[in-house]
Amino acid sequence: HSLVRGTKSDEEIDGERAFRIPSQGYEALRQLFLKQLGEAGVELHLATVAKTVIWRKGYVELHAQSLGQPVLLTAKRCLVTLPLGVLQARVGEPGTVQFEPELPPDKVRAIDLLAMGGVIRVDLCFKEAFWRSIKAPHGSEGAKNLSFLLTQHDWFPTWWTPLPDKSPLLTGWAPFGSAEKLSGRSKSFVIEKALETLASILSISSHEIESLLAASYTHDWQSDPYARGAYSYVKVGGEGAQRALGAPINGTLFFAGEATDVTGHHGTVHGAMASGYRTAAEIINS
C-alpha cells in the first residue's frame, strides 16, 4: 500500500523529472529559512545536542548540551523532528534522545513498524566531463546527454549527472545491501570502489579515470549518530504507522519529519516540509 501510494504521488507531481536548485543547491533553501526565522524573532540554538525530554501535559523541559555546557529549555509544547533512525536508537547510544516518561506504546509500535534505509553517496568532481565524449555503439550519442545511469553493479548501481548543468560532476548512489558493505569504511575505500564501478560501467581504464579526478566527497548517513539512515520506508504490516508516528500526544508533544508523511512523499524533502506545515497547524489549533 505504501509503495502504491508513493508511486501515485510521484505521478501527480511529474516525479520522474529531475529538478535542481542552481548554484547553491539546498544551501539556498536553508538561507531562506534562516532569513524567515530571523524576521519572525525565532531564537536558534545551533551546535546543541538534545539529550532528554521531560514532559507532562502542557509542560516540556528539554535538557541539552552545547559545546560541553548544559542547556535547559522549557515550553508548553515541543515539536519533535528527530529522524526515525534516532527514535529507534537504543538508550545510551550516541545521539539518542530519552523521553521521560517514555513514549506511549502505540507510538513505540509505530516507530518499530517503520524502517530507516541505508545509503552511501559519493560525489566525484572531474577535470572534464569525459563521459560526454564516450563513443556508443549503433551511432547513438552515447553519454553526451547522460542524466541517470541505472546498472546492476554491486557497489554503486545508480549514478547521475547535474544535467542540464554541464559541470563535470558524477554522483554515485549505493542503497541497501551496497550501503551495508560500504558503511563505516574509510573514505579512500569508498572512493576506490566508486571509481572501480565507474570504470567498469563506462569501459574506461581505472588509471585514466583516476587521473581525471579533481575532488571527491562521501556521505555515510547511517554512521552519523544524529541521522542513522537516509530515508524511511514502511515495513510489511506497517500500514498506518506513519500516521500513528505523526499523531500528537496530549496536546504537548508533536511529531513531524519525512517519516510522518502520509501523502506518499515520505523519504523526500518536500514530504518533510509538508509535515512541518501540518504539525505547525496542529500546534496553533491546540
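I started with one pair of residues. Trp-159 stands opposite Gly-172 in β10. Three bridges join strand β9 (residues 158-160) to strand β10 (residues 169-175), and the two run antiparallel.

I noted the ground rules next. This is a predicted model, where local features need pLDDT of at least 70 and side-chain atom pairs count only at pLDDT 80 or more, while totals for chains, interfaces and linings use all residues. Residues are numbered from 1 along each chain as its sequence is written, and side-chain values use heavy atoms, with hydrogens and water left out.

**Sheet with β9 and β10**

I traced an open sheet of five strands, in the order β8-β9-β10-β7-β11, with antiparallel pairing. I counted strands as DSSP runs (E, at least two residues), numbered from the N terminus. Two strands pair if DSSP finds at least two bridges between them. The edge strands, β8 (148-150) and β11 (213-220), each pair on one side only. From one strand to the next, the twist averages 15 degrees. For such angles, axes are lines fitted to C-alpha atoms, and the scale runs from 0 to 180 degrees between N-to-C directions.

**Sheet with β2 and β3**

I found another open sheet, with four strands in the order β3-β2-β1-β5 and mixed pairing. Strand β2 (residues 59-66) runs antiparallel to β3, and seven bridges join them.

**Cavity**

How many cavities of 30 Å³ or more does the whole structure hold? I found one. A cavity is a set of points on a 1 Å grid where a 1.4 Å probe fits but cannot get out; lining residues have an atom within 4 Å of a point. The largest cavity has a volume of about 60 Å³, taken as the space filled by probe spheres set on the points. Its lining includes Trp-131, Lys-144 and Asp-165. I sorted the lining residues into five nonpolar, two polar and four charged.

**Cysteines**

I searched for disulfides (cysteine sulfur atoms within 2.5 Å). The whole structure has zero. Is Cys-78 buried or exposed? Cys-78 counts as buried, at 15% relative accessibility, where buried means under 20%, exposed over 50% and partly exposed in between (1.4 Å probe, protein chains only). Cys-125 is partly exposed, at 24%.

Definitions and conventions. On a 1 Å grid over the protein atoms alone, a cavity is a set of points where a 1.4 Å probe fits but cannot get out, and a pocket is an open set with protein on both sides within 12 Å along at least five of seven lines; lining residues have an atom within 4 Å of a point. Ala, Val, Leu, Ile, Met, Phe, Trp, Tyr, Cys and Pro count as nonpolar, Asp, Glu, Lys and Arg as charged, and the others, Gly among them, as polar.
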